[in-house]
Amino acid sequence: SAADLYEQAAAQQPDNFEANWKTAKACRLYGEEARKREIPHWEDICAEYGRKGMFYAQRAIEASADQVEGYFYYGLCAGTYSDGVGIFTALREGLKGKVQANLEKAYSIDKYYDQGAPIVALGRFWQLVPWPYSDEDRAMDLYREIQQSQYFHSDENVEVRIYMAEILMGRWGGKSKEEARQLLEEVPQMTDDPYWIARAESMRKELE
């Protein structure tokens, strides 16, 4: 896989900022694709590559502490690891604080990095972290921030519509449900990724 090739490069230059963050990114993408496609034993793949990704992201942070990529991919890879081992195991291992700190740092350095990805990641963190930590209002504020930016209509941000709709569908009142429906209807116009299209479709059916 691409992740393994990047890993070989990073092994040869352990102090190289770019080699390390790109390896972390490749690990994240590999785990995420396994999860979305539900490849057999995807949980094990997420756990393995999420752990590796955190390692390389940490090395990137040590190589260049004032750049966004290391912190950002640390947070994402920890999320992939959590997908693999389960969120409660990840919490027991103390990952909540690390994820929050790294994503907040990424947000503070360059929240518009990669078309606003740190804003979305931090919103998703507050949405997914279990009770009593979760904070859907905080998540929604972050999603509104990306919604008001020029990056909302990038196909990179198609999933923000799913995340917002998840919150809106749980709220009282027809207005929230109507906004959720509109957001979900935008998904197939923005992407041909079967994973997001199927998610949007099944959520839209729930609204009917």
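This report looks at helix packing, one valine and several salt bridges in a predicted model.

## Helix 1 against helix 2

Two packed helices are described by the angle between their axes and the distance between the axes. Start with helix 1, residues 2–12, and helix 2, residues 17–37. Their axes come within 8 Å. They cross at roughly 160°. An angle over 145 degrees counts as roughly antiparallel. Helix 1 and helix 2 are therefore roughly antiparallel to each other. The crossing of helix 1 past helix 2 is left-handed.

Which residues make the contact? Helix 1 supplies Ala2, Ala3, Tyr6, Glu7 and Ala10. Helix 2 supplies Ala19, Asn20, Lys22, Thr23, Ala26, Cys27 and Tyr30. Sorted by type, the residues of this contact are eight nonpolar, two polar and two charged.

## Helix 9 against helix 11

Next come helix 9, residues 158–169, and helix 11, residues 194–207. Their axes lie 10 Å apart, at an angle of about 25°. That makes helix 9 roughly parallel to helix 11, because angles under 35 degrees count as roughly parallel. This crossing, too, is left-handed.

From helix 9, the contact uses Val158, Glu159, Ile162, Tyr163, Ala165, Glu166 and Met169. From helix 11, it uses Trp196, Arg199, Ala200, Met203, Glu206 and Leu207. The contact of helix 9 with helix 11 has nine nonpolar residues, no polar ones and four charged ones.

## A closer look at valine 158

Valine 158 is found in helix 9. Is valine 158 buried or exposed? Its relative accessible area is 3%. Buried means under 20%, so valine 158 is buried.

What does valine 158 touch, leaving aside its neighbours within four places in sequence? Its contacts are Val187, Met190, Thr191 and Trp196. Alanine 78 sits 80 residues from valine 158 along the chain. The C-alpha atoms of valine 158 and alanine 78 are separated by 22 Å.

## Salt bridges

How many salt bridges does a search of the whole structure find? The search finds 20. One of them joins the side chains of lysine 52 and glutamate 48, at 3.4 Å from N to O. Lysine 52 and glutamate 48 both lie in helix 3, residues 42–63. They are four residues apart, about one turn of the helix. Glutamate 48 has a relative accessible area of 37%, so glutamate 48 is partly exposed.

Another salt bridge pairs the side chains of glutamate 166 and arginine 124, at 2.9 Å from N to O. This pair links distant parts of the chain. Glutamate 166 is in helix 9, and arginine 124 is in helix 7, residues 113–128. The two residues are 42 apart. Glutamate 166 is partly exposed, at 27% relative accessible area. Arginine 124 is buried, at 16%.

Arginine 144 lies in helix 8, residues 136–147, and glutamate 179 lies in helix 10, residues 174–190. The pair therefore ties together parts that are 35 residues apart in sequence. Arginine 144 is partly exposed, with a relative accessible area of 24%.

Some salt bridges share partners. Such bridges join Arg28, Glu32, Arg35 and Asp83 into one network.

Terms used
Residues numbered from 1 in each chain as written. Predicted model: local features only at pLDDT ≥ 70, side-chain atom pairs only at ≥ 80, totals over all residues. Heavy atoms only, no water. Axes fitted to C-alpha atoms, helices over the stretch in contact; angles between N-to-C directions. Parallel < 35°, antiparallel > 145°, perpendicular 65-115°, else oblique. Left-handed = near helix turned anticlockwise from the far one by under 90°. Contact = heavy atoms within 4.5 Å. Nonpolar A, V, L, I, M, F, W, Y, C, P; charged D, E, K, R; others polar. Buried < 20%, exposed > 50% of the residue type's maximum accessible area, 1.4 Å probe, protein only. Salt bridge = Lys/Arg side-chain N within 4 Å of Asp/Glu carboxyl O.
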